[in-house]
Amino acid sequence: MNIIETHGLGKRYRRTWALRDCALAVPAGSVVALVGHNGAGKTTLLNLLVGLIEPTEGSASVLGGEPAGSPAALDAVGYVAQEAPLYQNLTVGDTLRVIASLNRRWDQPRAEARLAELGIPLNRRVRRMSGGQQAQLALTLALARRPKLLVLDEPLAMLDPLARFDFMDTVMTAASQDGLSVVLSSHVLAELERVADHLILLSRGRLQVAGKVRNLLDRHQVLTGPAITAAKLAAQLPPVHIATDDDLARILVSSGDQTGELPEGWRREPASLEEMVLGYLREPSVSALPEAEEVLA
Amino acid sequence: MTPMTIPAHEAPAAPAVRPVPWRKLAWVGWRQHRLALAGAAALLTGVCAWMLISGLQMRSALNSFGLTSCTPLTASSCSTQETVFINDYYSGAQVVVGVLTVIPILVGALVGGPMVARELETGTFRLSWTQGSGRTRWLIARLVLLAVAVTAGAAAVSLMFSWYYHPMLQLGQDSPLAPQIFDLRGVAFAGWTLAAFAISVCAGALIRRVIPAIVAAIAVWSGLLVTVVFWLRNHYQAPLTGTGLINPTAGTGQGAQWVLTQWWIQPGGAPASQSEIASLSSQLRQAGGLPTPQAVQQWFAEQGYIKYFTYQPAGRFWSFQLIEGGWLLALSVLLGAATVWMIRHRAT
């Protein structure tokens, strides 16, 4: 079952396309990292998946064929929007009651246990809580609905490094315990590397990179060597990105041939997710999308 | 572009999702708007208390002036007492009338303005609209709950006002159809309050910010009221034409009929001009007569002038009320439906 499936998905605001030609199929149980520059269309894609906006063209479905935003989809998709919007005038306890009343399924003991773990008292006003606590409360609300798909838009932006770790820990525990699928957009690449098994990279409203993290890393490598010969080497293989630091060059390449002879002074090393993503972010014209036969393989 | 993995084409075994019950959604609406409702209730209770105290004073004055046992009111023994009573209480009653005139939009904007606009302004719609109930049921639940609450509150105030103002109508001070009091009684007051609420909610969905939405709602509602009072209401039914003395039993007041226009016909049969009327009136004053309606009427009649007027009879009060209440209800339902449509299709 594909937890997310989109066909030719596009969204236009007035004259600009925020997202276009987006074709995705993500199997259930995945943890998907969504990356891209600001304004690349990440939030637009997530808003389409949770049904907050309607597509201009194409279609999006979740949970194996439920149209995004349909009652069945809303029932089983948990969403934490950017900056974790909450009712600032309510207490934590009232927030739980309000959100519980807006849902068919609700796990109150789970929500209370998690808040107790975080040390957030139920009688605290939301507006008196730190940004990090508010993000944690928003995640608690989403998880207490026992969703099958959890969508998180920049959930780490409001958190300090330790809180980021705890936050992602909660997400990953839920993912493994409940078989939950997760999509999260973030700029914190190091954190994504730890958790994501799928990657979607958007650039100017289009898919630039999409695939399983393991497959992508298998296909990418970094060649390091003297900067003087970098241009010559690069001419022989289409590089994704060349980074030079004084006399040392690092070339990110995507190729099937991973054993070929290298010029003197050059060596090969596996690419990290962070280096690969940064390479593509700097080269928006290069894409890495799976070919049909590769998908089937 | 090709999919990332093999698309799964098997249809999901989806049992129909049972929707979240209205009762729970209504509770959320109550929880989130109870402060606004409490504010509106306090305002309405204050106005009612004011009318109760002032209405009781008015009644004890009626008793002490002996006006309750005075029949008919035009009897000369009554008219002096009546004049004193009117001098003492009519202007106070007009202050109540003035305050009540703006109550519908105050209540409507206070409760309806923030209903959708606050969620849009603060971004919490991203939280509330992605819950299992979905945004349509979320909206309809609170729309109906708050609409019923403000309409019921307004109806109670309107009943209170009918009791309060009854002596003035009994004494023939105003026609029940008079513009300043017509829409404070019957079903019109509740109708105007419901419409103010619906306009405020709709403005909030359209403008998406609380304060500008409230300002726009006040402007639109006031414009509508002025249009109705000055141009629309007198056309609900074709007015009648009368001749002679208007409201002969009215004493010093306006009387029961709602007079729209009036003019004099010369002895020759042509309409009298303004200057002609003015000169006749000054002749009456020079002759030492008091310019009461009766005296003017008699004086003009002696000169061979006949008065004509168009009017809406007081007996049409309830049919006018139902017409006005009916179209205000229809307008409110329409605006509510437009809001639901906007929220469904025009998000973020």
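Into which domains is chain A divided? Chain A splits into domain 1 (2-204) and domain 2 (217-296); such bounds come from an automatic or database domain assignment. This is a predicted model, in which local features need pLDDT of at least 70 and side-chain atom pairs count only at pLDDT 80 or more, while totals for chains, interfaces and linings use all residues. Residues are numbered from 1 along each chain as its sequence is written, and chains are lettered from A and ligands numbered from 1 in the order in which they are written.

**View 1. Domain 1 of chain A touches domain 2 of chain A.**
The domain centres, taken over C-alpha atoms, are 33 Å apart. Domain 1 of chain A brings 9 residues to the contact, and domain 2 of chain A brings 7 residues. Two residues are in contact if their C-beta atoms, placed from the backbone, lie within 7 Å. On the domain 1 side, helix H7 (189-195) and strand E9 (198-203) of chain A each supply at least two residues. Helices (H or I, at least four residues) and strands (E, at least two) are DSSP runs, numbered from the N terminus. H7(A) gives the most to this side, with 4 residues. By class, the domain 1 side holds 5 nonpolar, 2 polar and 2 charged residues. Nonpolar covers Ala, Val, Leu, Ile, Met, Phe, Trp, Tyr, Cys and Pro; charged covers Asp, Glu, Lys and Arg; the others, Gly among them, are polar.

**View 2. A sheet of 4 strands in chain A.**
This open sheet has the order E12-E13-E11-E14 (chain A), with antiparallel pairing. Two strands pair if DSSP finds at least two bridges between them. Strand E12 (239-245) and strand E14 (267-270) of chain A are the edge strands, each pairing on one side only. Neighbouring strands are turned by 25 degrees against each other on average, direction ignored. Helix H10 (residues 273-282) of chain A packs on the sheet, touching strand E11 (220-226), E12 and E13 of chain A. The direction of H10 makes about 100 degrees with that of E12(A). Axes are lines fitted to C-alpha atoms, for helices over the stretch in contact, and angles run from 0 to 180 degrees between N-to-C directions.

**View 3. Strand pairs within the chain A sheet.**
E12(A) joins strand E13 (residues 248-254) of chain A through 6 bridges. There, His241(A) has Leu252(A) as its bridge partner. E11(A) and E13(A) share 7 bridges. Gln221(A) faces Val253(A) in E13(A) as its opposite residue. Between E11(A) and E14(A) there are 4 bridges, and Leu223(A) stands opposite Arg268(A).

**View 4. Helices H6 and H7 of chain B cross.**
The axes of helix H6 (residues 188-207) and helix H7 (residues 210-232) of chain B come within 8 Å and cross at roughly 135 degrees. That makes H6(B) oblique to H7(B). Angles under 35 degrees count as roughly parallel, over 145 as roughly antiparallel, 65 to 115 as roughly perpendicular and the rest as oblique. Residues of H6(B) in the contact include Ala195(B), Ile199(B) and Ile207(B). Among those they meet in H7(B) are Val210(B), Val220(B) and Trp221(B). The contact has 13 nonpolar, 2 polar and no charged residues.

**View 5. A sheet of 3 strands in chain B.**
The order is E1-E3-E2 (chain B), with antiparallel pairing in an open sheet. Strand E1 (240-243) and strand E2 (258-265) of chain B stand at the edges, each with a single partner strand, so one side of each is left without a neighbour in the sheet. The twist averages 25 degrees from one strand to the next. E2(B) pairs with strand E3 (residues 306-312) of chain B over 7 bridges. In this pair, Trp264(B) stands opposite Lys307(B).
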